[in-house]
Amino acid sequence: KGSVDYKRVMDAAARYFPDKPAVLNDRALDALGRGDTAEAIAGLEKSGEMAQQPVLLNTLGVAYAGAGEPLKAEKAFERAAAAGSKEARHNLEQVRGVIDQL
């Protein structure tokens, strides 16, 4: 990850399989890595795969949290956790701690 070859492979995957969860997640994580939460959120929200993919919901929650939207993050983490994501359960606890401090 982070290499020229990796980027080339992911660009090709995005061209041929733009709606695949792995591609959507990679694109969102790349946007988050650049600090572009708006791009990450937009890419994930337009995905029809979102409701069925806990990994995408978890990444959406991370993006919302990074954008200063803890209530939206909480809802995304809740959906991902309900779909079986352990990482989302952890993130849900974290974001609820933030919400309690607001």
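**Figure 1. Helix H2 passes helix H3 in a left-handed crossing.** The model is predicted: local features require pLDDT of at least 70, side-chain atom pairs count only at pLDDT 80 or more, and totals for chains, interfaces and linings use all residues. Residues are numbered from 1 along each chain as its sequence is written, and side-chain values use heavy atoms, with hydrogens and water left out. Helices are DSSP runs (H or I, at least four residues) numbered from the N terminus. A crossing is left-handed if the near helix is turned anticlockwise from the far one by less than a right angle. The axes of H2 and H3 come within 7 Å and cross at roughly 165 degrees; axes are lines fitted to C-alpha atoms over the stretch in contact, with angles running from 0 to 180 degrees between N-to-C directions. H2 and H3 are therefore roughly antiparallel to each other (angles over 145 degrees). Leu-24, Ala-28, Ala-31 and Leu-32 of H2 meet Thr-37, Glu-39, Ala-40, Gly-43 and Leu-44 of H3, where contact means heavy atoms within 4.5 Å. By class, this contact of H2 with H3 has six nonpolar, two polar and one charged residues. Nonpolar denotes Ala, Val, Leu, Ile, Met, Phe, Trp, Tyr, Cys and Pro, charged denotes Asp, Glu, Lys and Arg, and polar denotes the others, Gly among them.

**Figure 2. The axes of helix H3 (residues 37-45) and helix H4 (residues 54-66) come within 9 Å and cross at roughly 150 degrees.** That angle makes H3 roughly antiparallel to H4. H3 passes H4 in a left-handed crossing. From H3, the residues Thr-37, Ala-40, Ile-41, Leu-44 and Glu-45 meet Leu-56, Thr-59, Leu-60, Ala-63, Tyr-64 and Gly-66 of H4. The contact of H3 with H4 comprises seven nonpolar, three polar and one charged residues.

**Figure 3. The axes of H1 and H2 come within 10 Å and cross at roughly 130 degrees.** H1 passes H2 in a left-handed crossing. Tyr-6, Met-10, Asp-11, Ala-13 and Ala-14 of H1 make the contact with Ala-22, Val-23, Asp-26 and Arg-27 of H2. The residues of this contact of H1 with H2 divide into six nonpolar, no polar and three charged.

**Figure 4. The largest pocket holds about 170 Å³ of space.** On a 1 Å grid over the protein atoms alone, a pocket is an open set of points where a 1.4 Å probe fits, with protein on both sides within 12 Å along at least five of seven lines; lining residues have an atom within 4 Å of a point. Grid points are joined across faces, edges and corners, and the volume is the space filled by probe spheres set on the points. The lining consists of Lys-1, Gly-2, Ser-3, Tyr-6, Lys-7, Met-10, Asp-11, Asp-26, Arg-27 and Asp-30. Helix H1 (4-16) and helix H2 (21-33) each supply at least two residues of this lining, and H1 gives the most, with four residues. By class, the lining has two nonpolar, two polar and six charged residues.

Terms used. Parallel < 35°, antiparallel > 145°, perpendicular 65-115°, else oblique.
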